[in-house]
Amino acid sequence: MSNFEKRLVVCDGTDCDAPNAEKNLVRVLRREVMKVGLADTVEIVHVGCLSLCEFEPLVISYPDGVVYSRVKATDAGELVRTHLVEHRTLERLLAQTNGLRTEQASSIDHIPFFSHQFRIALRNCGIIDPEKIQEYIARDGYQALAKVLTEMTPAEVVAKIKGSELRGRGGAGFPTGLKWELAAREESSQKFIICNADEGDPGAFMDRSVLESDPHSILEAMAIAGFALGASQGFIYVRAEYPVAVERLRLGIAQAHEYDLLGENIFGSGFSFDIDIRLGAGAFVCGEETALMNSIEGRRGMPNPKPPFPATSGLWQKPTVINNVETLANIPPIILRGASWFSSIGTERSKGTKVFALGGKINNVGLVEVPMGTTLRQVIFDIGGGIPKGKAFKAVQTGGPSGGCIPAQHLDVPIDYDSLTQLGSMMGSGGMIVMDENTCMVDVARFYLEFTKDESCGKCSPCRIGTLRMLEILDKITRGKGSMEDLDNLRDLSEQIQVASLCALGQTAPNPVLSTMQYFWDEYVAHVVEKRCPAGVCKSLVRYTINPDLCRGCGLCARECPVGAISGELKHVHVIHDDACIRCGNCAEVCNVDAVLRG
Amino acid sequence: MMTIERLRSLSEANRQPEEFEAVVRVATCMATGGIAAGSAAVLDVLTNELRERQHVKVEIVRKGCIGMCRLDPLVDVFVSGQGKVTYVKMTPEKMQRVIEEHIFGGHVVDEYMLHLANGLILDDYVVLEG
Amino acid sequence: MSEMIRFSIDGTEVEVTQGTTVLEAARQEGMRIPTLCYLKDVNSSSGCRLCLVEVGPKLIASCSLKAEPNMRVLTNTQKVREARRTVLELLLSNHKEECTICVRGGTCELQDLANELNVRKRRFNGKRVTAKLDDLSPSIVRDPEKCILCGRCVAMCSQVQTVSAIGLYKRGFETMVGPAFGKSLADSVCVNCGQCIVACPVGALSERENIDDVWNAIADPTKVVVAQTAPSIRVALGEEFGRPIGSRVTGKMVAALKLIGFDKVFDTDFGADLTIMEEGTELLNRLTSREHLPLMTSCCPGWVKFVEHNFPDLLGNLSTCKSPHQMEGALIKTYFAKKMGIRPEQIVVVSIMPCVAKKFERGREGMSRAGLDDVDYVLTTRELARMIKESGVDFLNLQDQEFDNPFGEGSGAGVIFGATGGVAEAALRTVFELVAGTELETVEYTSVRGGDGIKETTVVLPDGTTIRTAVIHGLGNARKVMDMVRQGEKSYEFIEVMACPGGCVTGGGQPIVNAQLRAEIDVKAARARSIYEEDRARPIRKSHKNPDIIRVYEEFLGHPNSHESHELLHTHYVKRCKF
Ligand SMILES: Cc1cc2nc3c(=O)[nH]c(=O)nc-3n(C[C@H](O)[C@H](O)[C@H](O)COP(=O)(O)O)c2cc1C
Ligand code: SF4
Ligand code: SF4
Ligand code: FES
């Protein structure tokens, strides 16, 4: 561990835009600290943007948490002397003096990130000790199971879940009650309930969170489902990359057995139920329900055609219900608090809450649970704290690799299954990746397609070959070799893969391409017609030029260019030689007057 | 056999009292995010320290994820009559001080709590160089 | 009773039994839906997506979609056509195009479909799968670059045959069909049945060709090149020349062989009769000693290797008899050579077989004597057809010719070896009479005939001995029965197994019948029918009555299971690993 007693955090929002400017303040502060002999006890670090641009540069002193704003290099000496040597606050630069409201939150619950949330699925997460069944019980755990087994018939349970209008949180949003009803209706000596904890969406981690932080809620829900369907055996299919979750589930199952909450004759009702864990090897497609069942049965994880649906012929051809972790986490509260309580939350056709994993260009990265119908803007700006570095919002990608990109004009759309689908995206498992103005949408489409292409199981021809062909076309476009005919072929191929693929992986793989084509068509055209990447991301299309009106001939860029592609005399306008340029972007970063143009 | 009555009484018995009586409850996040950030080391300091002092009235809770892993390790301290205090980005050293000053001394260590400016979380920073 | 279901296809009301797929229903109505991965009774994984039809808002693969009451299916809409064609264009974009020199030129389902769906340009180009040709096996050549991943071979090998020598490996675009760990088929549990070849719609799987070897032998003036033809060639070869499935072309086949340069043309039926003499005697001996029962037939080299891999504990139950063409080859190089006064080294024996496993078998240890192989080359029916075509012989207009002597005479019992149940029936005809010492009235044991995968019959010999017989075709069925035998759930005295579903008539070396036709016609029944016709047409219908056989024993071998016959006609087996 470090020996530093204090840390001065310098934030001037210049981490990638103009490294030179900030280095000054950090450098000057370091020099001043050295001067007063504190170099060994005070650490000075330069940090990424905190999104308080108008108050920057900021210097925050830890651990005392005093915030100074609009600090200039010339203030450094005074700041070090006053704050570090004399242990007084330098009122003049104090953030409060500049109108910044600073505070220390005694409890994390009060910050906007949490206060805007509404937690049903995550109700116990971070509150109870997941390894102690008593704590789960203390928060009404297993009361729902008790109620179901002692007061209700299976049909009543199904009716209640139907009444709640809960829809599956694993992606497709199929009504959970209906799914249970279909399986309950089947005559069969054996039925199964499977909890889908494969969570393959890159960036999503809500299921892991629930399993690690509240495993009993899933066990209880599965037992309830088992009773409703007439299944005595459940399986949790969880990816092997989640060792903590697996461990907690194992422990949870053992504890539940110890307390007679799993096993024979639970609550003396005559209902017996047990749960086994099956580890998934981590292929994305194994989250698809039929592939998942093949995997449990010991076959290669590849989807089967549907119909037959699992509810009629699932695991070992027996009627089977597969539900997502988050779906199940909602079950006990619905049983205890009632279907109408649950259906009072949310929108017309999407009830309850949804957990989102916020990521990308957003200030508060993390998991949030909000009522259906919350707008994208509320989630991204109020809870997520907006876009770092004061950049403009460009799009939000929802639904992971199966979803699409939603542009700024739709930020006020209330989030639910149908609205997202209408916008050409989907709810998916709840990934939400925010993109700022520096994102190239063709590149984004390419990124997602690369993922699906790699994850295609290889069974059906459109997905196996088609996703690669799409990727090849996108590659061509981002390298500046695309034509308008390629765009036609890309769109046509996308539409055909959607309808022809065997499973939803292939059927949804084109969504990121089609949605970006829909909303950012101009960007595609710019790539193929003007051979230009407007966001300056696609390396082969970026051209660096120097604006002669701004260039002051300082020569910094020429010095930083690794291949000597910039020439010019001191105090005269410099020129970048495009054929030599390797598009590293150094020049644009070092120029103090923003004279280097990227585009 | 589990009965409803037994479940209810278990529930009652394990419910967290609104007011702790001379009980300190310390909770750390022990889900993947927390573990990755080093909450195990923080927890070790706590357990070792408490064992040394043979203090029985401190309860250690290993809890799950609250969804803001970038502030991990998080430590919640509940001292009787004072409600919950959340410390963020904890280290074994910081934990040592919280033990001394807060758990046994009764004084909240303001500096380790979450720092906000205009509602934005300041502690959630990424060091670029330093 | 299964219920009837009414639904509509392209506006036509149709009625089918419950459980019928939309594809089957459409075909019943005479509507054509293209398919590629579907192979009746073998594969309906619905991976290729060529059989898509429109149901409501969706396109669904009709090969696995069960018809439901009031379903409205559209098979010929713009949406359907575009999707099918795009899928096919994608498949073509990853296919090694060697169409002009491909062994499957003319029988390629992919080529047919491209034509049928009117694909006239390449819209999609890009990376293609690259992989090494596997030609290390003596029987089968695999070219993964032609594979379109329909999965028909894998389903055949793992589900029907339960051999599981090949599977799907890797994922996505890199997905590959082959033995585990990129091994060669030669180092796998492959039993060389060749059913994967006849399942494959394209040229990704084919036999290891020996055509040039045979041409070279024929061209060599110092060699006497002798052909022998298995019973089932004569009921299939005609198909290669446009005759209907199961047409009998025995005389034309013999004529063609002579025309293209074979010095002698013998009938392997003779070898089959010999097998019955040897194996029948072996059976009677074992019935007396009650050792190593049930006796299991050994005339199918695919089955033999299957036992070696999977039931090594039962190797002792396999008959020690070589397969008929190996026996005949051994006699050609000894008895015949002596009779003709030629040196055995001068003789080249070419077996024309419905089978690719025999290409493997001929190289087995124990299939040669003093450095001379019993059989030098094995050609499949398909290879023979290619040679005939290459020679420009007008096959269909040939005058029929007779087999040569001394191995030209085969009994009806030898002929029926070609059909499943044939060996058992032939053996029973002989064994019964040998024990009875009298002539038999009825020669036809119909209970061992027919298409069922597992048939059982019990015969009580005149001396009171019962022979409980199981007749099996298809290795999946064999595994089932063998497991039961091992568990003691079933006991038999005699088990006939043919590795190929349907027996030799539908062997891995027979003419390719495309998937569509295979769904419409029971190929094995059609060809077997001709086999039994030929049996009925033969004057002699029991092996021990074949005068050529009687003469060979008198002049050369002594008696069945004699020392001489053990030297020439019997062999041994080895344990092989399970994976
Ligand atoms: C490629 C693919 C991956 C999927 N991955 C998951 C997953 O990781 N977790 C999940 O719950 N559902 C996943 N699904 C959806 C499941 O097939 C299924 O619809 C879901 O588990 C049903 O549960 P629900 O009704 O509770 O949402 C995936 C679907 C596809 C097509
Ligand atoms: S759509 Fe893709 S993942 Fe799904 S079955 Fe086809 S190849 Fe496999
Ligand atoms: S080898 Fe032939 S049968 Fe096997 S998957 Fe490939 S194309 Fe299909
Ligand atoms: S999907 Fe039906 S034939 Fe291939």
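A polar side-chain atom of Lys179(A) sits 2.8 Å from an oxygen atom of ligand 1, in what is a predicted model. On its own, ligand 1 has 600 Å² of accessible area, and the protein covers 90% of that (areas by the Shrake-Rupley method with a 1.4 Å probe; for residues, only the protein chains shown count as cover). Strand S9 (320-324) and helix H20 (504-508) of chain A are the elements that give two or more residues to the shell, and S9(A) gives the most, with three. In total, 18 residues surround the ligand (a heavy atom within 4 Å), and the closest are Gly170(A), Lys179(A), Asn323(A), Asn324(A) and Thr327(A). Helices here are DSSP runs of H or I with at least four residues, strands are runs of E with at least two, and both are numbered from the N terminus.

Residues are numbered from 1 along each chain as its sequence is written, while chains are lettered from A and ligands numbered from 1 in the order in which they are written. Local features need pLDDT of at least 70, side-chain atom pairs count only at pLDDT 80 or more, totals for chains, interfaces and linings use all residues, and side-chain values use heavy atoms, with hydrogens and water left out.

Chain A also holds an open sheet of five strands, in the order S11-S10-S14-S12-S13, with mixed pairing (two strands pair if DSSP finds at least two bridges between them). At its edges are S11 (366-371) and S13 (404-407) of chain A, each pairing on one side only. Neighbouring strands are turned by 30° against each other on average, direction ignored; axes are lines fitted to C-alpha atoms, for helices over the stretch in contact, and angles run from 0 to 180 degrees between N-to-C directions. Helix H21 (residues 511-519) of chain A packs on this sheet, touching S12 (393-398) and S13, and makes about 25° with the direction of S13(A). Contact means heavy atoms within 4.5 Å. Strand S10 (residues 353-360) of chain A runs antiparallel to S11(A), joined by six bridges, and one of the pairings puts Thr353(A) with Pro371(A).

As for the chains themselves, two pairs are in contact, and chains A and B share the most contacts. Chains B and C have no contact, with their closest C-alpha atoms 29 Å apart.

Chain C has its own open sheet, with four strands ordered S12-S19-S18-S17 and mixed pairing. Strand S12 (295-296) and S17 of chain C are at the edges with a single partner strand each, so one side of each has no neighbour in the sheet. S17 (residues 454-460) and S18 (residues 466-473) of chain C pair in the antiparallel sense over seven bridges, with Val460(C) opposite Thr466(C). Five residues separate the strands of this hairpin, where Gly464(C) takes a positive phi near 90°. Buried means under 20% relative accessible area, exposed over 50%, and partly exposed in between (1.4 Å probe, protein chains only). Helix H15 (residues 475-487) of chain C lies across S12, S17, S18 and S19 (494-498), at about 145° to S18(C).

Lys322(C), in the loop between helices H9 (301-310) and H10 (324-340) of chain C, is buried, with a relative accessible area of 3%. Its side chain makes a polar contact with that of Asp374(C), at 2.6 Å. Asp535(C), in helix H17 (residues 523-537) of chain C, counts as buried because its relative accessibility is 0%. Not counting residues up to four places away in sequence, Asp535(C) touches residues including Arg429(C), Arg449(C) and Arg541(C).

Notes:
A polar contact is a pair of N or O atoms within 3.5 Å; within protein, one must be able to donate a hydrogen and the other to accept it, and residues adjacent in sequence count only if both atoms are side-chain atoms.
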